[in-house]
Amino acid sequence: LQSMRRPVVITMHDVFERAGLWERVLSPAALGLRRLGSAASSLVVHSEEERGRIEGLVPAGKVEVVPHFVEVRRALPDRTASRTALRIRDERAITLLGFITKRRGHRLVIDALRQLPDDVVALFVGTTIEGRDHVQQGLLEQAEQAGVAERVRFLGFLPENELEQVLAATDVALCPFERMSASGALATWFSAGRPIVATDLAPCREFRAMQPGSLHLFAPYESDPLARCISETQANASDAPDPQVQALARRLATPRIVDRYLGLYRAAASR
């Protein structure tokens with residue numbers, strides 16, 4: 001930071017809410033954020049909610065909101081062929097992407113499975129963080145105890161071509177996050193155009209306000225509301241992409257977001 005002599009635009013990806021005086025104001029992370037805000041020309045966050053989370057820590061005039069980009073995805077593989085490759089025949093697939101961590105919601109999905117029809121299977125795409133294999137083991141044990149182990153599939157890390165098969169095969173995308181900042185997994189689902197069920201959190205509400213109908217939100221953070229939301233979304237889903245999700249993806253497409261950043265870079269350079 002001390003070596004910064006030219007205008008600098010810094011994008012912050014994980015801006016989580018901090019509770020209490022220590023975490024918000026006095027912790028090393030908070031103090032580091034103050035220094036960052038002082039040195040940078042602009043700090044970019046991905047939602048108005050995130051702007052509020054750093055209010056008072058950095059100069060308000062330096063904070064810019066630029067949504068997380070959504071990649072412009074080529075056409076997904078054939079849905080029927082993808083489902084065959086994944087051994088999903090008559091089942092309905094609900095899929096959760098990303099690292100297997102507590103806040104992502106895997107446990108809640110397993111609880112919700114008990115209340116969903118037997119033809120609903122959960123696909124978990126992603127791995128545990130290194131050294132935390134016990135997290136996945138705990139989920140396996142939970143599924144066994146709940147009697148849904150045969151309906152939970154851990155697919156691990158997938159190369160791009162296999163990930164696209166999963167995206168194409170999915171009936172309902174899941175983002176049941178306990179808490180969230182910007183989400184690459186959610187952006188991936190936008191690019192895939194599948195119906196999305198997500199927790200009723202402030203960043204998700206911002207997306208839904210941007211494009212009504214693009215997300216189906218549930219609350220409170222319990223398995224019953226999640227199961228109901230999945231059922232309602234499945235009832236209205238089809239093999240075709242969700243037009244509201246596609247419309248939101250176009251608004252957040254990478255070329256548009258790049259243009260937003262270029263505007264910030266030019267403004268910083270002019271100063």
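I count Ala, Val, Leu, Ile, Met, Phe, Trp, Tyr, Cys and Pro as nonpolar, Asp, Glu, Lys and Arg as charged, and the others, Gly among them, as polar.

My model is predicted, so local features need pLDDT of at least 70 and side-chain atom pairs pLDDT 80 or more, while totals for chains, interfaces and linings use all residues. Residues are numbered from 1 along each chain as its sequence is written, and side-chain values use heavy atoms, without hydrogens and water.

**Entry: second largest pocket.** I took a pocket as an open set of points on a 1 Å grid over the protein atoms alone, where a 1.4 Å probe fits, with protein on both sides within 12 Å along at least five of seven lines; lining residues have an atom within 4 Å of a point. I found 22 lining residues here, with S191, A192, G193, P241 and Q246 nearest the centre. By class, the lining has 12 nonpolar, 3 polar and 7 charged residues. Helices α8 and α11 (243-251) each give at least two of the lining residues. Helices are DSSP runs (H or I, at least four residues), numbered from the N terminus.

**Entry: largest pocket.** I counted 24 lining residues. L97, G98, F99, R104 and A185 lie nearest its centre. The lining splits into 11 nonpolar, 8 polar and 5 charged residues.

**Entry: T188.** I looked up this residue in α8 (residues 184-192).
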